[in-house]
Amino acid sequence: MKLSTQQEAVLDWAANKEGSLNLVARAGCGKTSTLIELVKAIPDEQSVTLCAFNKAIAEEVKAKLATEGLDQKAEAATMHSLGLRAWKRQAPKCAVEGSKVYKILDAMNLPYRDRELKSHIVKLVSYAKQALVAPARLKGDADYTARLIELGQHFGVDEDFPLEGHNLELVRQAHLASYEADEEVVDFDDMLTAPLLRGCAFSGADWVLLDEAQDTNAARQELALAMLENGSRLVAVGDPRQAIYGFTGAMSDAMGLLASKLGSAELPLNHTFRCAKTVVAHAQQWVPDIYAYETNPEGSVSWCEYEHWLKTPFKASDVILCRLNRPIVALAYQFIRDGVGCRVEGRDIGQGILKLARRFKTDSLKRLRTLVELYRDEETAKFIAKYQDAKAASVGDKCDTLIELIVRLTMPNPAATLTDLEQLVSTMFGDTVGKQAVLTLSTVHKSKGREWDRVYLLGRNQWMPLPWAKSGWELAQEQNLIYVAVTRAKSNLVEVIVP
């Protein structure tokens, strides 16, 4: 392939400079192809580990490395698989259990009324693990308590979980019990923290390529650093303006923190191969330093009123993006009724909806709807009374999505049960990568890393940014979401105006 001037600059840096690098790669600017070319340019006697953000990306990069005959020199793996591999050398019999901390809390025999308390404790323990906070062994450890409070305030846990007394003690007990059980069982967070907190040896590499570096947390970063040996070099690749996972524990200035630790140089990849010129000009409202090549197609950006837009002749290659779940679920039903094949992206979204449905322990969908409506009204009223608009919006969207599914099922079949709902969710929700082409509906979060010729962005005027975003990092990530949504379009972007 013919390299761009910016890609050649990366290879020149690797050949003629020392130290580490922050490669700031804007959307669609050839990040993956640049990494593959970098691996090619690295001498064969030097080892390379490419740290992928998730399993799907790791498998995609593995395939590309194999196609280029580079799989003997370079390994692509997730950070969690690398961490688990290191931990298994010390604890070869440990099992993986996602609900580990919940089971620890169950063993503590908390009263039934503390059901909601458990979810807050699990969340705060997870944030503490991701931030590499070592569990306090002594009651009243001031530093540990201060870090819990800091994390709880940053991620909004304190809004409905007072960070004091009994609550903090329960978090400390659960965190310590989880740490002490690591040799028998680990959860997703422990795959990173178990080996890091105990100083385990990691398989080193001459080059560590850290993909999606803007969305790393402290544990991911420390694992990447632990893989560096004397003379090893780290290339952190990412786009700070595509940082949209702060709510999951990612640090708000992840790439900047890495650069300060390593004294990294910085190079840009900001000329997009993906997006048409008009799409790029539109995206420059939010990220001014993304540019189109002269050879990119002109493309189009247009606006359409919702009612008129519904008459559009959609193609299987199109995607409809929205900030919220409920509008795309309602649309999916309308498309199915009209004979348009479609799929809602995100198996995990469907599982989250089923988890909410199952908590009410009823098979009757009529009864379930009543319980969900009551739960929604009580929860949103509680959050609004506390000026917690973010929580109210989140629980409202999830409940409304479930209610939409129940209504659509029970209209033709009043006797529909929870089993019918489970079957519907498994059919409607799923990851569409590599699957038969159908019209895709997706939240903006689930669209990251994907691209389509024509993108319909539904209701930016209503839901982007969401009004509940208040803190600095929340507002920044809401703006980032708009940029991510716009740059999924290769040729045509249509902004759908929702009344």
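The structure is a predicted model, in which local features need pLDDT of at least 70 and side-chain atom pairs count only at pLDDT 80 or more, while totals for chains, interfaces and linings use all residues. Residues are numbered from 1 along each chain as its sequence is written, and side-chain values use heavy atoms, with hydrogens and water left out.

Along the principal axes, the C-alpha atoms fill a box of roughly 70 × 65 × 40 Å. Of the 499 residues, 54% count as buried (buried is under 20% relative accessible area, exposed is over 50%, and partly exposed is in between, with a 1.4 Å probe and protein chains only).

Aromatic contacts come next. A pair of aromatic rings is described by the distance of the centres and the angle of the planes. Here, rings of Phe, Tyr and Trp (its six-membered ring) pair if their centres lie within 6.5 Å, and planes under 30 degrees apart count as stacked, over 60 as edge-to-face and the rest as tilted. The whole structure contains eight aromatic pairs. One of them is the edge-to-face pair of Trp13 and Trp207, at 6.1 Å centre to centre and 80 degrees between the planes. This pair links distant parts of the chain, since Trp13 belongs to helix α1 (residues 5–16) and Trp207 to strand β6 (residues 205–210), 194 residues apart. Trp13 counts as buried at 6% relative accessibility, and Trp207 is buried with a relative accessible area of 3%.

In Phe314 and Tyr456, the ring centres are 5.3 Å apart and the planes stand at 80 degrees, so this pair is edge-to-face. Distant parts of the chain are linked here too: Phe314 is in the loop between α13 (306–309) and β12 (319–322), and Tyr456 is in strand β16 (residues 452–458), 142 residues apart. Phe314 and Tyr456 are both buried. Together with Tyr306 and Trp309, these residues form one aromatic cluster.

Charges also sit over rings (NZ of Lys or CZ of Arg within 6 Å of the ring centre and within 35 degrees of the ring normal). The charged end of Arg233 sits over the ring of Trp13, 4.5 Å from its centre. Arg359 lies over the face of Phe360, at 5.7 Å from the ring centre.

The second largest pocket has about 280 Å³ of space. A pocket is an open set of points on a 1 Å grid over the protein atoms alone, where a 1.4 Å probe fits, with protein on both sides within 12 Å along at least five of seven lines; lining residues have an atom within 4 Å of a point. Its volume is the space filled by probe spheres set on the points, which are joined across faces, edges and corners. The lining includes Tyr306, Arg326, Asp397, Glu404 and Trp463. By class, the lining has eight nonpolar, one polar and three charged residues (Ala, Val, Leu, Ile, Met, Phe, Trp, Tyr, Cys and Pro count as nonpolar, Asp, Glu, Lys and Arg as charged, and the others, Gly among them, as polar).

Some backbone details deserve a look. The peptide bond from Met464 to Pro465 is cis, with omega near 0 degrees, and Pro465 is placed in the loop between α20 (460–463) and α21 (472–486). Leu132, although not a glycine, has a positive phi of about 60 degrees. Leu132 is in the loop between α6 (115–130) and α7 (142–154) and is partly exposed, with a relative accessible area of 22%. Lys361 likewise has a positive phi, near 55 degrees; Lys361 lies in the loop between α15 (347–358) and α16 (365–385) and is exposed, with a relative accessible area of 73%.

Terms used:
Helices (H or I, at least four residues) and strands (E, at least two) are DSSP runs, numbered from the N terminus.
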